[in-house]
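Colleague: Hi, could you walk me through the helix packing in this one? I'd like to know who touches whom.

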Amino acid sequence: MRFDDNAGLDASEVEDMRGSGGGGGGGLGRGMAIGGGGLGIVGVIIYFVISQLGGGGTGAAPAAGGLSLGNVGSGQQVDTSALAQKCRTGADANRDHDCAILAVVNSIQDYWTQEFSRSGQTYRKATTRFFTGGVRTGCGSATSDTGPFYCPADSHVYIDLSFFNELKTRFGAQGGLFTEAYVLAHEYGHHVQNLTGTSKKGTGTGATSGSVRLELQADCYAGVWANHASTTPTQSGKPLVQDVTKDDISRALDTASRIGDDYIQTKLGSGHADSSTFTHGTSAQREKWFTTGYQTGSPARCNTFSTNNLG
């Protein structure tokens, strides 16, 4: 996955909140974060590790190989304007990992802005906020254990940067930039659901619950973006993303295969998959719906609420 060297980047779409003292207080509540009680695409991972294996918190600074803006550790304040200074163009994204993540956010939101416009609607951009340890949100306070999530109450995506490393070190995922792009695109899928009013359907637990359908639809939306990433133009008229390779898609599917409810419960939990507790779908379902979005490139094909066959 590479970016157009001459494309401009918009640093206003990312905020770094580490070191802001945002943790503590009550848990997620008002405007419950999506999905599954505040558990995002990989937040469910740590939930099962903690609840079933008795693991401790993960409030450490991002480890080597994970996303780390300027390699700043927990408790150190980052001036977001510094990101704007060093991340100006696609060329910066091609040589600097921090800028690459910003470019991914820009690309995802460029696509949805244009998709909404084609439908005669207006897409309202959501800021991605990076945090370490804990953060206060419109949905309440969250810790690193919550994992990446979207808060509909304040329309922000929250990412604890250490989770990208968790995918590789704890779950053996291949990792890489496109794995992180998949995570971000999934969370922005929840933002789309919030804007369209679909979020309110994501209730309950179980194999065919609204929660599972909501998460699988977000996976599908991530695949839709991947389909259009290299053809979605920026304000310059040229796509920010130059290519999405077969290896990129393979890495996304590899990640999906390791974060299904069944995989997590059997490999990291009790050894038994209890479908009555599912909130995100099985590994096979997550792979299927990302693939559906990627192959069709159509958000309309992501209506997981209108089918009895979730895969």
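Modeller: Happy to. First, axes are lines fitted to C-alpha atoms, for helices over the stretch in contact, and angles run from 0 to 180 degrees between N-to-C directions. Helices are DSSP runs (H or I, at least four residues), numbered from the N terminus. This is a predicted model, where local features need pLDDT of at least 70, side-chain atom pairs count only at pLDDT 80 or more, and totals for chains, interfaces and linings use all residues. Residues are numbered from 1 along each chain as its sequence is written, and side-chain values use heavy atoms, with hydrogens and water left out.

Colleague: Thanks! At what angle do α4 and α7 pack?

Modeller: About 95 degrees, with the axes of α4 (residues 97-118) and α7 (residues 210-228) 10 Å apart. So α4 is roughly perpendicular to α7 (65 to 115 degrees counts as that).

Colleague: Which residues make the contact?

Modeller: From α4, Val104, Ser107, Ile108, Tyr111 and Trp112; from α7, Tyr221, Val224, Trp225 and His228. Contact means heavy atoms within 4.5 Å. By class, there are seven nonpolar, two polar and no charged residues. Here Ala, Val, Leu, Ile, Met, Phe, Trp, Tyr, Cys and Pro count as nonpolar, Asp, Glu, Lys and Arg as charged, and the others, Gly among them, as polar.

Colleague: And how do α4 and α6 pack?

Modeller: At about 35 degrees, with their axes 10 Å apart. Among the residues that meet are Ile101, Val105 and Phe116 in α4, and Leu184, Tyr188 and Leu195 in α6. That contact divides into 14 nonpolar, three polar and one charged.

Colleague: What about α6 and α8, at what angle do they cross?

Modeller: Roughly 60 degrees, and the axes of α6 (residues 177-196) and α8 (residues 246-257) come within 8 Å. Phe178, Thr179 and Tyr182 in α6 meet α8 residues including Asp248, Ile249 and Arg251.

Colleague: Switching topic: which residues line the largest cavity?

Modeller: Phe164, Leu167, Lys168, Gly175, Gly176, Thr179 and Glu180. Its largest share, three residues, comes from α5. A cavity is a set of points on a 1 Å grid over the protein atoms alone where a 1.4 Å probe fits but cannot get out, and lining residues have an atom within 4 Å of a point.

Colleague: What classes are in that lining?

Modeller: Two nonpolar, three polar and two charged residues.

Notes:
Helices (H or I, at least four residues) and strands (E, at least two) are DSSP runs, numbered from the N terminus. On a 1 Å grid over the protein atoms alone, a cavity is a set of points where a 1.4 Å probe fits but cannot get out, and a pocket is an open set with protein on both sides within 12 Å along at least five of seven lines; lining residues have an atom within 4 Å of a point. Angles under 35 degrees count as roughly parallel, over 145 as roughly antiparallel, 65 to 115 as roughly perpendicular and the rest as oblique.
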